[in-house]
Amino acid sequence: LKIDELLQSAMSDFLATIGDPDLNVRRVSLIALNSAAHNKPRMIRDLLDRILPLLYAETVVKQELIKEVEMGPFKHVIDGGLDLRKAAFECMYTLLDTCLEKLDIFEFITYMENGLKDHHDIKLLSYLMLSRLSTLCPSQVLQRLDRLCEPLKAQLQMASKPNAVKQETEKLEELRRAVLRAIIVLQRVPEADRHQQFSDLLSLIRSNSALHSLYTNIERDAMQRSYITDSTMEID
């Protein structure tokens, strides 16, 4: 199609703006990259060698973009780079599905690890990526498993603040569920249970009645969904 040819000719220059000094320009460029990766991945595959360093640079928390402002008697932290990081991790999630063969998986995992320690929404995306990687690239995940277990364990051990509002408690519970879903997928990786850190993580879950109950419920739901999916495929 002629429009595809026009897009292809402009794509390299357009996506180079991921490195623009203006935050808004970078964010819009990342949104465009995500759209291209989802809808026209062939247009960007040969550009990824140049684009990925710019993309990965946006996964890192930039302290210079974090400000503390006073609102009455309270102090509120504003992270000016949060939307950029969200856009970057959304791109990574899409690239995992559409351009896997063009990714250095170990490099990808290194930057995904940033997301396991970041903001609520980014953590959720990173847990999904970890689950996907465990299925697509189990041997690479296995080689990094000990390091990956540390932020998962930290999240499971995180407790609500005494004065936490309902929304904060619900978000913490959502993250806990997401971590457990990722762990259930990791358990399917051959020889994962031979890694001490992962074994310790499973022991932590078994020793905590609330976590173990939640884990059991999530695992049962996952098995039921898998059974329904398999049954539907057989009918088709």
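The structure holds one cavity of 30 Å³ or more, where a cavity is a set of points on a 1 Å grid over the protein atoms alone at which a 1.4 Å probe fits but cannot get out. The volume of this largest cavity comes to about 40 Å³; a volume here is the space filled by probe spheres set on the points, with grid points joined across faces, edges and corners. Its lining (residues with an atom within 4 Å of a point) is made up of Arg26, Glu58, Val60, Lys62, Leu65, Gly81, Leu84 and Arg85. By class that gives three nonpolar, one polar and four charged residues. For the classes, Ala, Val, Leu, Ile, Met, Phe, Trp, Tyr, Cys and Pro count as nonpolar, Asp, Glu, Lys and Arg as charged, and the others, Gly among them, as polar.

A word on where this comes from: the model is predicted, so local features need pLDDT of at least 70 and side-chain atom pairs count only at pLDDT 80 or more, while totals for chains, interfaces and linings use all residues. Residues are numbered from 1 along each chain as its sequence is written, and side-chain values use heavy atoms, with hydrogens and water left out.

Now for the open spaces. A pocket is an open set of grid points with protein on both sides within 12 Å along at least five of seven lines. Strand 2 (74–79), helix 4 (82–98), helix 6 (120–136) and helix 9 (166–186) each put in at least two residues, and helix 9 gives the most, with six. Helices (H or I, at least four residues) and strands (E, at least two) are DSSP runs, numbered from the N terminus.

Where does the largest pocket lie? It lies between domain 1 (1–82) and domain 2 (104–235), because both give residues to its lining; the bounds come from an automatic or database domain assignment.

The second largest pocket holds about 410 Å³. Of its 16 lining residues, Leu128, Ser131, Arg181, Val185 and Arg225 sit nearest the centre. Helix 6 and helix 9 turn up again here, joined by helix 11 (209–235), each with at least two residues. This lining has nine nonpolar, two polar and five charged residues.

On to the helix packing. Axes are lines fitted to C-alpha atoms, for helices over the stretch in contact, and angles run from 0 to 180 degrees between N-to-C directions.

| Helix pair | Axis distance | Angle |
|---|---|---|
| Helix 4 and helix 6 | within 10 Å | roughly 15 degrees |
| Helix 4 and helix 5 (105–115) | 11 Å | about 140 degrees |
| Helix 6 and helix 8 (145–157) | within 13 Å | roughly 135 degrees |

Angles under 35 degrees count as roughly parallel, over 145 as roughly antiparallel, 65 to 115 as roughly perpendicular and the rest as oblique. Helix 4 and helix 6 are therefore roughly parallel, whereas helix 4 and helix 5 are oblique, and so are helix 6 and helix 8.

As for handedness, a crossing is left-handed if the near helix is turned anticlockwise from the far one by less than a right angle, and right-handed if clockwise. Helix 4 passes helix 6 in a left-handed crossing; helix 4 and helix 5 cross left-handed too, and the crossing of helix 6 and helix 8 is left-handed.
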